[in-house]
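Dear colleague,

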There are 2 protein chains.
Amino acid sequence: MVILRKYFEVDKWKVIENGFDKDYNRVTESVMSLGNGHMGLRGNFAENYSGDSLQGTYIAGIYYPDKIVVGWWKNGYPEYFAKIANAANFIGIDVQINNLQVDLNRCNFTDFSRTLNMKDAFLKRKFTLILPDSSRVKIMEKRFLHQIEKELAAVSYQIKSLDKKINIKLTPYLDGNVKNEDANYGDFFWNNIEQKSKKNTAYLSMETKKTSFLVSAAMNWEINSEINSSKIIEKENFTGNTITLTAEKDEKIILNKYIAVCTSRDYNKNKVRENAVKLAAEAVQKGYADLFAEHKKSWAEIWQESDIEIEGDPEAQQGIRFNIFQLNQTYTGHDPRLNIGPKGFTGEKYGGLTYWDTEAYCLPFYLATHNSSVGRNLLLYRYNHLDKAVENANKLGLNGALYPMVTINGEECHNEWEITFEEIHRNGAVAHAVKDYINYTGDKKYLKDFGFPVLTEISRFWADRVTYNPGKDKYMILGVTGPNEYENNINNNWYTNKIAVWTLKYTIKTKNFIKKEFPKKYNQWRDSLDLTKSEFDHWKDIINKMYYPYLEDYNIYSQQDGYLDKEQKTREDLKDEDIPLHKNWSWDRILRSSYIKQADVLQGIYYFKEEFDKESIKNHFEFYEPRTVHESSLSACIYSIIASEIGKQKKAYQLYLRTSRLDLDNYNYDTDEGLHITSMAGTWMSVVKGFAGFEAKNNKIHFRPFLPEKWHSYNFKIIFRNRRIKVHIGKEKIKFTLEKGKALKISVYGQDLLLEQNRSAILKNR
Amino acid sequence: MVILRKYFEVDKWKVIENGFDKDYNRVTESVMSLGNGHMGLRGNFAENYSGDSLQGTYIAGIYYPDKIVVGWWKNGYPEYFAKIANAANFIGIDVQINNLQVDLNRCNFTDFSRTLNMKDAFLKRKFTLILPDSSRVKIMEKRFLHQIEKELAAVSYQIKSLDKKINIKLTPYLDGNVKNEDANYGDFFWNNIEQKSKKNTAYLSMETKKTSFLVSAAMNWEINSEINSSKIIEKENFTGNTITLTAEKDEKIILNKYIAVCTSRDYNKNKVRENAVKLAAEAVQKGYADLFAEHKKSWAEIWQESDIEIEGDPEAQQGIRFNIFQLNQTYTGHDPRLNIGPKGFTGEKYGGLTYWDTEAYCLPFYLATHNSSVGRNLLLYRYNHLDKAVENANKLGLNGALYPMVTINGEECHNEWEITFEEIHRNGAVAHAVKDYINYTGDKKYLKDFGFPVLTEISRFWADRVTYNPGKDKYMILGVTGPNEYENNINNNWYTNKIAVWTLKYTIKTKNFIKKEFPKKYNQWRDSLDLTKSEFDHWKDIINKMYYPYLEDYNIYSQQDGYLDKEQKTREDLKDEDIPLHKNWSWDRILRSSYIKQADVLQGIYYFKEEFDKESIKNHFEFYEPRTVHESSLSACIYSIIASEIGKQKKAYQLYLRTSRLDLDNYNYDTDEGLHITSMAGTWMSVVKGFAGFEAKNNKIHFRPFLPEKWHSYNFKIIFRNRRIKVHIGKEKIKFTLEKGKALKISVYGQDLLLEQNRSAILKNR
């Protein structure tokens, strides 16, 4: 089994690396990433580092369409795979002390620590450099990406000689010589447009090839000391200033570097550089302390709304906060053109691209912890891509819309037929997100104005994708890959059939609602979408005659046709050396086995649990859970929630543990490539939707909480329709406090409870 | 629909290009390829040509393990894809006349023709060059690859000035600066080991990187004229001689170039160059005319045994001879380490690698037209790779042997999971070839010494690959791709289940035979293969309880589980713009459709037709044929044979036409990439096994001939157990002549007929 690496110090609000393990540096860099929704960077060092590192700076929405790699070309494959372009390194400060290049791969040093402060969202690093004459120099670096002024970043670099006077040479710079490590053919993604270095300031404008996104980085800096000399530096794609100075023993030298990064996504091309230069100049005027104070205040508000406190389990506390922190760093909902990538701004593999993870796993977190505009923007992202999704279905010879498996601009980027063409259930998640959002926010206006066409085109896709079987008088969906990607090209995946029919039903319901409540709007849609009665009748026929594979002996739905023909094995039959299967078994062996990668039938139970009684949910759980290997970081959370639902509290807690510290403990040995951002939302769900049994339905929020044995208590907040409710689950008591907003009736264990403003309601824990 | 290009002149024994179409040059180069089993080359020009061309020279068995390209790596994929290395150009002769570089892309010329003489297996090209002063020079090139001395090639280059005295500069050379066009990463596959140019002779030794095959080419030349000057040429990977001379009006200058190509596959490395140099020197001694006479004689013998004559249809005549010619050029059976590549020596894509095509489509041709040692060597190829096949199965976590989908040295090269891991029926074809060979030759010694372990390990694979289904008390084979590659990852492909059970049965039968007839040998096998009764009992259980999908409504076997759940469409429902599906439909649409790429159930009917009555064969044919799009060049021949079998003669002929001139008319628009060598055997089968109803069973050969309407008659030869029988099918009469060997009883339309030596038996055509 996996041996966990407890590398970071446990702390409620911090992630601390004490001492520097070079071999672990890529993992630490991922964990120590900063982001503010507009941009992000890995926990790289400001000063040069010649050891193993992934220098990573990513600007939201700035991508390069890299030529894809395929084994055997198949008709319909996309031509490119969008890659978030690794952008100019803007934090860099080259440091020399007494002519020694500071480089922690080559220099002697002691007392190293690198600390991610989650509360105030900054990175702090310090170490004591040992010079060749054994004298010591303390160095400290702090940095943050401004949470409000999202184009701004600041680095404070501090040097103090402990033993004697030293000569210091500092070069704050902007370096565009950065390549994506994941470039398929080693291409450099950027063209240099312009660059300039002046006294105390510099800028660098690079433009992505093919996509022509212009990104200008401008920097200003200030220093609290006399300068001996100053030089302007201009190299290829590199611009900066070199200064020299002398520092007395115990004199603290502070270089503050302010950077602004503006892009042509937000400005006319001829204004991009101008704005960056202006913002950087304003930042140096305002100064590090003031900028940081604004930033910190903004983060305090975020934590006010989305924190989870866990008492009695510091590791769990650190884990859940790390996840909430990274989710809030990755996506802030300020721009509907952006979305949530599986690795956010923390690495390159799949980085910054959108999967169904957003709808299925992330949306509930953002709905419950932010103003509804955040969730709305996540939905608008898909609404704005509707035309592309229609094109995508058309490429496959089908009507309606098929949302892509992986995308950044609405076009499909994925190129494996069994996923690209067959993992079509993703379309259902996009539709279901509309319901989730409406359900949660009550924003029916969105449904009528934006939700309906999305639902209609997805329904059209399903209606064309089904196969009518005259022999059985049933509709089937053939040749799909379900959420369980350890099955490919199967027939009648229950989850897919189920969510297809659900989409059709919900679309008809929505149609009826609009027709009744907004008849004028309905007429508009009828004309623009060319709606006809015969089409709706056909949908009803599909709804009535959909085929669902069923296992009579177990009284449960079958994952797909023929699932029971497989040799039935459970996790207990696996040996240590088999795990994880995807690394140890050939693909055909995985496909032939009964092992399930991630929640599939259970994903359907999770979505539609109101349609099942407890007994039936239990039957499904007990059959499928032992067959599931949870080799996706998105699996355990769903099982954990269902386990909570059916009273298997220990199991729910065990399953929650699988992902609670996934990246902090590098559980899957792949955190070096970046963090598992979208799966972090799953941990939040395990706690809030699972342990606390939270759900929103019928315009009301419901709780059925329990307290995991190991914990003393836990608290979280829920934002619901302009209220903020604090929930406390203790050993004996459960407490609900309406911190903000008007009085509200909630349901706890099925009983109504009226919450009044600034008042708490206390119940006994069952 | 496809518009055929009738580019080449129709001739019974030749393929003639009259006039030069530059845009068609790659197709012509493929068609005009020469080969002798040891090496081959495309119909490139000897003199420089700057236009579009694939300069291709391939030496059998000399490959480079090119790093594979995959979309998404899957565990079990091979690391490399072997590529036959495009080797040094040895035919090259640079020609300048009055300082004009002869280059048909740039010079003016007239009266161009390029002719492949199939009877005598040589290429002849001529044209009249028009010099800038409008004077004319006739140029002719002839070349052949020696059919007996397989390491030898000869080029005769002839120049005659028609109007005035000219100055000629000639550079016969060896040029190793040749790259594979299909190299995945543009790598150069060769290292230069040594090279040398001397008066009238030169050599060049190149070695493949990684695989370290040493290939030495040596050349000698002679000229029938005084030389003005002579110069030794040495450049990087290039060695040759430049000579200048003067030719009078009407004087015919003849440069004969003799090349020997030896490799470290046949000699110790330190002897390779020595042998090449020696052979080339001996060749120049013998001279072009004598060498060609030997070569021609050898080809006369080949035609004596394998020709098919068709009277009344010159296009069909040319087509079938072209196929027989190319098959004999590609594989001569002289070396059991070699096999038949889908493109032979005529191109790079899949070139020179072995597929199940060999066993399923080519073996019958070589059995019926050659001495049995040729077929035996095809089988030994697999016997010699048995250990690798066991390793390959082991990689997938399975017992026994899985022969690779694509190989050159026994290791798997293919890297698409649905083929590599799932198209396992190929194993059955390897087993069935053993039966075919034994059946045909009666060589039971082969069965006991070499066939049995191959059969046993393949049986072990099947026994491990099946899944026992306790609910149904049946064995199933899940997750396969059948011969119809337009279905992937299906359950219970009837053909696969059928051939698996057949293998088990035949292996047990073979075991019983060896045990009875060669008990000592049996005991050896029992010990070395660790045979046990319980293993055989398990096989018998599988034989008895194999599950076969069946369509009750049609009284036929189902291609796979759930085939009838698909929307049932036939070719008639397709529009012109849909065809070919693989170019016009997305992959998922193809997979979901009922369309069949190539014979699948029918492949099983073909192999096991004795088990079916005519009615049942007809049912299967009538259901599956209209659903089959024949988008593999290996499909139509099987359907044609079955159509012949059930008396659908017109259909049989139509199906035969699909491949009879596939490359001559560039039917699939891909002949530029090389010829479809293995499918050429299918055309032969359509005629001999189909129209003539030829088969060998129970130690006897059988015929049920008919004459296609359009033909006046057809003749072919059958080599069977040291006899040569000439078969003539005329409009009224059918004639069998025993040309060689002892008297033999054959069966015609189910009636026995005794053939006596040098005598003919004449029957009425029914």
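By class, how many nonpolar, polar and charged residues does the lining of the largest cavity have? The lining has nine nonpolar, two polar and seven charged residues, where Ala, Val, Leu, Ile, Met, Phe, Trp, Tyr, Cys and Pro count as nonpolar, Asp, Glu, Lys and Arg as charged, and the others, Gly among them, as polar.

The model is predicted, so local features need pLDDT of at least 70 and side-chain atom pairs pLDDT 80 or more, while totals for chains, interfaces and linings use all residues. Residues are numbered from 1 along each chain as its sequence is written, chains are lettered from A and ligands numbered from 1 in the order written, and side-chain values use heavy atoms, without hydrogens and water.

Searching the whole structure gives 15 cavities of 30 Å³ or more. A cavity is a set of points, on a 1 Å grid over the protein atoms alone, where a 1.4 Å probe fits but cannot get out; lining residues have an atom within 4 Å of a point. A volume is the space filled by probe spheres set on the points, which are joined across faces, edges and corners.

The largest cavity has a volume of about 350 Å³. Among its 18 lining residues, B:Asp436, B:Asn439, B:Lys689, B:Glu695 and B:Ala696 are the closest to its centre. Helix α9(B) supplies the largest share, five residues (helices are DSSP runs of H or I, at least four residues; strands, of E, at least two; both numbered from the N terminus).

The second largest cavity holds about 200 Å³. Strand β4 (residues 57-67) of chain A contributes most to its lining, with three residues.

Yours sincerely

Notes:
1 Å grid on protein atoms, 1.4 Å probe; cavity = no way out; pocket = protein on both sides within 12 Å on 5 of 7 lines; lining within 4 Å.
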